[in-house]
Amino acid sequence: MNARTPTAKRSPHRAAAASTEAARPDRRHAILLAAEKLFAQHGYHAVTIRQIAEEAAVPLALVGYYYGPKHELFHAIFEHWSHTIEERLAGLRAVRIDPADLRTLPRIIEAFTGPVLALRASAEGEYYALLVARELYHATEEADRVMRGYFDPLAEAYIDALHLAMPHATRGQVAWAYQFALGALLHHLNDSRIERLSHGENRRSDPAAAPMLVNFIVGGLRAALPRPKAAPSKTISRRQKT
């Protein structure tokens with residue numbers, strides 16, 4: 001008696017198993033988290049779909065089933081976290097912008113940096129924050145696509161706000177200032193040398209450094225784009241009158 005199951009009888013079982021596997025939402029999320037982690041650690045181009053499948057512990061075919069090509073999976077990560085951009089925009093909209101109020105600039109920068117630092121410090125957002133910090137440094141086609149779709153509108157909103165807060169500067173100057181502020185934030189997110197350079201006193205991406213980062217950026221903005229000094233008032237002395 002042949003103990004082997006005929007191929008025709010195995011196929012429906014396999015098809016049902018594959019359908020069940022594909023229908024599990026935790027698999028979809030696992031793929032996204034795995035891609036996010038590997039892209040953050042090694043960079044987009046250094047990671048293969050097979051490595052993502054192995055990290056997520058799912059069949060290779062499921063990665064394509066859920067997300068298609070690798071560049072679409074990369075894009076899906078930023079779509080998944082797009083609510084964090086809205087949180088930063090909401091924080092900015094809550095700031096009352098008054099150029100005469102010395103608290104305006106710190107409040108804008110707090111809205112800009114605070115949600116990102118909180119994300120970096122969280123278990124669920126750590127790799128996404130690292131991914132943003134890593135990929136924004138590289139002018140790849142995939143990174144540029146994400147920048148234009150998600151982060152350029154955010155940048156435009158913050159540049160607009162900074163320009164309102166510093167009306168004495170040109171928009172071009174404020175755009176440079178925004179880029180410098182972004183550089184400080186991204187380096188803080190991605191830096192690991194601080195532990196070594198501080199002889200163990202500091203932890204990388206420590207949320208406790210947030211006020212110092214805000215003060216550093218605000219101080220840099222004010223130093224780079226100082227308000228013009230008021231012209232001295234002219235007084236006429238008694239001797240001049242006579």
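Helices (H or I, at least four residues) and strands (E, at least two) are DSSP runs, numbered from the N terminus. In this predicted model, the chain has 13 helices and zero strands. Residue numbers start from 1 along each chain as its sequence is written. Local features need pLDDT of at least 70, side-chain atom pairs count only at pLDDT 80 or more, and totals for chains, interfaces and linings use all residues, while side-chain values use heavy atoms, without hydrogens and water.

**Fold and burial**
- Of 242 residues, 38% count as buried (under 20% relative accessible area, 1.4 Å probe, protein chains only).
- Contacts mean heavy atoms within 4.5 Å.
- Among contacts between residues at least 6 apart in sequence, 70% join residues at least 24 apart.

**Largest pocket**
- A pocket is an open set of points on a 1 Å grid over the protein atoms alone, where a 1.4 Å probe fits, with protein on both sides within 12 Å along at least five of seven lines; lining residues have an atom within 4 Å of a point.
- Its volume, the space filled by probe spheres set on the points, is about 460 Å³.
- The lining has 17 residues, with H188, I194, A209, M212 and L213 nearest the centre.
- α10 (171–190), α11 (194–197) and α12 (210–224) each supply at least two lining residues.

**Second largest pocket**
- The second largest pocket has a volume of about 370 Å³.
- It is lined by 27 residues; R88, L136, F151, L154 and L182 are closest to its centre.
- Helices giving two or more residues to this lining include α6 (82–93), α7 (104–121) and α9 (141–165).

Note on methods
Buried < 20%, exposed > 50% of the residue type's maximum accessible area, 1.4 Å probe, protein only.
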